[in-house]
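Please look through the structure below before reading the points. The notes follow in numbered order.

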Amino acid sequence: MSEGYLVDLALVLSAVLFAIGVGGVLLRRNAIIVFMCVELMLNAVNLSFVAFSRVHGIDGQIVVFFVISVAAAEAAVGLALILAIFRHYQSVDLELFRRLRW
Amino acid sequence: MSEAYHPILPALILGLPLLGAALNGIGAFAWRENKTVPTIVGPLAVLGAFVVCLLNFAAMRAAAPHDPSLVPLWTWMRSGQLEIGVTLLFDQLSVLMTLIVTGVGGIIHVYSVGYMREDPGYSRYFSYLNLFIFFMLLLVLGANYPLMFVGWEGVGLCSYLLIGFWYENREFSDAGKKAFIVNRIGDIGFLIAMFLLFGVFGTLDMPTIFERAPTTLLAGGAVVTAITLFLFLGCVGKSAQIPLFVWLPDAMAGPTPVSALIHAATMVTAGVYLVARSGVLFALAPFTQAIVASVGVGTALFAASIAVQQYDIKKVLAYSTISQLGYMFVAVGVGAYTAGIFHLMTHAFFKALLFLGAGAVIHAMHHAWDESGDHGDPNDMRNYGGLRRLMPITAATMWIGTLAISGVFPFAGFFSKDEIIWEAGVRGYAVLWGTALIVALLTAGYMTRLMVMTFHGDNRSFAKVGGGEAGANRSGESARGRLHEVPPVMWVPLAILAALSAVGGWVQIPEVLPLPNLDLLHSWLEPVFAPAVDVASAASGAAAGGAHGEGMAHEAPLGGGEAFWAVMGTVLAILTIIVVFRRLSRRRYLPAAESSEPRGAASLLYHKWYVDELYDRLIVRPLLALWRGCWRIVDDRLIDGAVNGLGGVARVVGWTGSQLQTGRVSTYLLVFMIGVLIILGSLAF
């Protein structure tokens, strides 16, 4: 199995994971699941970074570390928000949370 | 030939009245109840200025300078070519005018002490009056047109303030506004004339302009005609000539001494002064001169005809003033500047006297009615009658004024009016001459009517049976004792003015009369008017191809020499007075409340030829309709519509945009994703 074939495979997987993530974010109503799908999209991107670093050098892997650390911070904030929403509505259903407008 | 003349204390002439105005103005706020300060400061400021003017007069008489003296105080504005200084001009004309202004003004200030004593606005009154004197002196002494214009506007302001002095009365404050607005129309003319003058000469200093005018301007050309016509428009407004005279009768709403000072003796004559001062320019524009004289004589006749049927004593005098101003414009219009200034001076004496006399009557009526409980219009002559026994001094002095204004020898008006009529006739203006004569007879007629209604016959002031609250069963007789002569502070000024009205004309006695030949005024003013006379005679000489003054006749249009017509004038005036007196003495007038409006031709005159109504229909209402249209359509519809429309558009756009905000997170994400796809797509292809 050639190196290029593995990279292609990783990129396809990354695209599939990303599409699943997008679908989940758009379609699911549970905030936790939406949040998980966001993480999924992030990691799909991470996967493609790592795959590209095979071809283009080490830069992609360095970026992945940044993404992971930012994602950790984002998870802290995001989970705190979800917690706050839950305390308010006694639910994490996003359909109930419709005040984000004029 | 002459030694140097230096104006004495020039700043003091203007400074004293200004200081008086400031002190009294402060007093109006700081010590309202104190009447001592205004009583002293008000008249003294003007009388002090009068003394300084007298000193200047004496010095100028001794030196007999040929050229005007300029007193530059400071530079007012400098911009490029334009330089306007606060510079005072002292020549024979301006010094004579300052004497009239401060002299008659001082007398009226003293009179006001008695007249306004009980008014709560006493201090404010004197502040305005002093300020008026200041601006009037500035007008007279200004050495350039803009400075004169400051005085011109300043007296207009004081006139407005004093007409609306009793501003609680809506009618009075409206009269003030009317005077102010009508004067604005004239002032536009003055301004345009100044622009034109600056355009032609590059300066606005009067001595420079007058010196250069004969060479710079084409005699009878369009430029000088336009300049003088616009200047004259200013005069028409200020001096209440046709068509802008309507403000002056309404100006009688002010206190009577104000009418005497501003609306008879001084401010309204400013137009005559301006024409005389700019004599060189007017001499270059024969067309304008014809207009000036025609407007003058037309106004004289028109106003005199109205005066015949007025019942308000002050209205009679107001129309009389307009009529006499018309005379002055006839004089300056035909080029007899000295005659115009002569009549200005004598008119200041006798018209101030007549107004102050009327004020004395009104004052007495007011007091008597206050005590007796009767009430009515204290200005209405139908409520007077028989006052000569009750107010002998006022009656005697006013008779002197009446004889003076009617042109009876040897009173002041005779000499000045005779000179104007003669000058018009001798220059070949037959129509002016004839009309002026008729107006002289009308003048004698309406003044005699005023005197008869006020001072002769039976008294009609008090209701016979039960007029007042306390007078249910009192006859008018007992109340009559309350009507008495005014205090000395008021009748002494009357006496002084009566003396001036009697002898004031003797400064200029025609050669042809068998009297000591006095030629003070003509020789006094000769240096001022010589350039204008030269220009005029050069023009007429060029036209006739002859020598100086050959176009002058030595006869009136109907034949007869100067002496004949001088005698005729007096005889006709006396005859008119006797006829009118005898006819009206027999007539029985009813008090104002009981009489009905005049009918027929008299009604037309009583309603002042319906000029106010005509202006109301032709000008005021269309303008109001136009502005109402502007308000309803331009403002309400267009401007407000545009503003509200923009707001509406913003609302609609905002509402449309806000519909994107569903509040559902998934919608936002969907849109977000579509956006990303679009961006990616555009990057890819």
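**Notes on chain A and the cores**

1. Of the 102 residues of chain A, 15% count as buried. A residue is buried if 20 or more other C-beta atoms, placed from the backbone, lie within 10 Å of its own.

2. This is a predicted model, in which local features need pLDDT of at least 70, side-chain atom pairs count only at pLDDT 80 or more, and totals for chains, interfaces and linings use all residues. Residues are numbered from 1 along each chain as its sequence is written, while chains are lettered from A and ligands numbered from 1 in the order in which they are written.

3. Chain A has three helices and zero strands, running α-α-α from the N terminus. Helices are DSSP runs (H or I) of at least four residues, and strands (E) of at least two, numbered from the N terminus. The radius of gyration of chain A is 17 Å, well over the 13 Å that the globule rule gives for 102 residues, so chain A is more spread out than a compact globule. That radius is taken over C-alpha atoms, and the rule is 2.2 Å times the number of residues to the power 0.38.

4. The largest nonpolar core has 217 residues, among which B:Val330, B:Ala352 and B:Ala436 touch the most other members. Helix H15 (residues 337-372) of chain B gives this core its largest share, 22 residues. A second, separate core of six residues includes A:Val25 and A:Leu94. A nonpolar core is a set of buried Ala, Val, Leu, Ile, Met, Phe, Trp, Tyr and Cys residues joined through C-beta atoms within 7 Å.

How values were computed: Buried ≥ 20, exposed ≤ 12 C-beta atoms within 10 Å, placed from the backbone.
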